[in-house]
Amino acid sequence: MTTRSTPSPEDFESMARSALEALPAPFDAHARAVLLHVADWPDHDMLEDLQIDDPLDLTGLYEGIPLTEKSVADPAPFPDQVWLFREPILAEWRDRGDVELEDLVAHVVVHEIAHHFGWSDEEIAEIDRWWE
């Protein structure tokens, strides 16, 4: 998407699903089991739980139990979920001006899926130089 028009939530979901489909095996099967949601903004409870004051600071969120912590002995948990927040992502895209929206959405999706695989923000930052 090379224009600066405002993509719909459906556009965001399509970009996110493309990013998930591009994951290599064996990651793709586990990633497909995660529910994907697109919302314009994070809700108040999410921001409060994460101690984030500015909703523009949260572009995505993983909710669930990382695969590295799951056990077959655990009761059936709620499904793992990845949230993408459209307005914060769009604000960052516009502010940066040097990245395609599809690439930014894919970056947020992969970052959140990395949490599903048990990676911390610090571990992701060690190999992901996106923000430099």
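Does Q51 count as buried or exposed, and what is its relative accessibility? Hold that thought for a moment.

Hi everyone. What you see above is a predicted model, where local features need pLDDT of at least 70, side-chain atom pairs count only at pLDDT 80 or more, and totals for chains, interfaces and linings use all residues. Residues are numbered from 1 along each chain as its sequence is written, and side-chain values use heavy atoms, leaving out hydrogens and water.

Okay, the overall picture. The protein has six helices and three strands; helices (H or I) are DSSP runs of at least four residues, strands (E) of at least two, numbered from the N terminus. Starting at that end, the order goes α-α-β-α-β-β-α-α-α.

The protein averages 86, and 89% of the residues score at least 70.

Now, back to Q51. This residue sits in the loop between α3 and β2 (60-63). Q51 counts as exposed because its relative accessibility is 73%, and the cut-offs are under 20% relative accessible area for buried, over 50% for exposed, and partly exposed in between, with a 1.4 Å probe and protein chains only. Across the 132 residues of the protein, 36% count as buried.

Most residues other than glycine have a negative phi.

How values were computed
pLDDT is the predictor's confidence in each residue, from 0 to 100.
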